[in-house]
Amino acid sequence: QVQLVESGGGLVQPGGSLRLSCKASGNIFSINSITSRSWYRQAPGKERELVATITSISTNYADSVKGRFTISRDNAKNMLYLQMNSLKPEDTAVYYCNAYSGLHKYMYWGQGTQVTVSS
């Protein structure tokens, strides 16, 4: 099993920046089975949406964040990051760390961290 713990959320003004972090821990074999890692977000009253995904060969972004957000990872530290720049009020949401095991066909979720963009 894998546990995902997020940090870095908070209140920021429009145009500001935040960096979200996600630490993976647990069974080393399960961690090694992860083939893709993602950030999702869910605003109040809206569906959870995919923000960004990173694999060993590619990164992908939702159109709404392209050019402003950057997903990255540190394999040695089992860390996943989301650098968020030029933040807009529309980015306000709970952000969730996600990891998918292609071997086990299983998706792991973090607890979520609140990001609020407001003056």
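Trainee: In this predicted model, why is Cys 22 called buried?

Mentor: Cys 22 has a relative accessible area of 2%, and buried means under 20%, so the value falls under the cut-off and the residue counts as buried.

Trainee: What makes Cys 97 count as buried?

Mentor: The reasoning is repeated here, because Cys 97 has 2% relative accessibility and the limit is under 20%.

Trainee: How do you know that a disulfide joins Cys 22 to Cys 97?

Mentor: The S to S distance of Cys 22 and Cys 97 is 2.0 Å, and a disulfide requires the sulfur atoms to be within 2.5 Å, so the pair qualifies; by this rule the count comes to 1 disulfide. The pair links distant parts of the chain, with Cys 22 in strand β3 (residues 18–26) and Cys 97 in strand β9 (residues 93–101), 75 residues apart.

Trainee: Which handedness does the link of Cys 22 and Cys 97 have?

Mentor: The link is left-handed, with -80 degrees about the S-S bond.

Trainee: What makes β4 and β9 a pair of strands?

Mentor: Pairing needs at least two bridges, and β4 and β9 have 8 in the antiparallel sense, so they count as paired; Gln 42, for instance, stands opposite Val 94 in β9.

Trainee: How many bridges join β4 to strand β5?

Mentor: There are 5 bridges between β4 and β5 (residues 49–54), and these strands run antiparallel, with Ser 38 opposite Thr 53 in β5.

Trainee: Why is strand β4 called largely enclosed?

Mentor: In β4 (residues 34–42), 7 of the 9 residues are buried, so the strand is largely enclosed by the rest of the structure.

Key
Residues numbered from 1 in each chain as written. Predicted model: local features only at pLDDT ≥ 70, side-chain atom pairs only at ≥ 80, totals over all residues. Heavy atoms only, no water. Helix = DSSP H or I, 4+ residues; strand = E, 2+ residues; numbered from the N terminus. Buried < 20%, exposed > 50% of the residue type's maximum accessible area, 1.4 Å probe, protein only.
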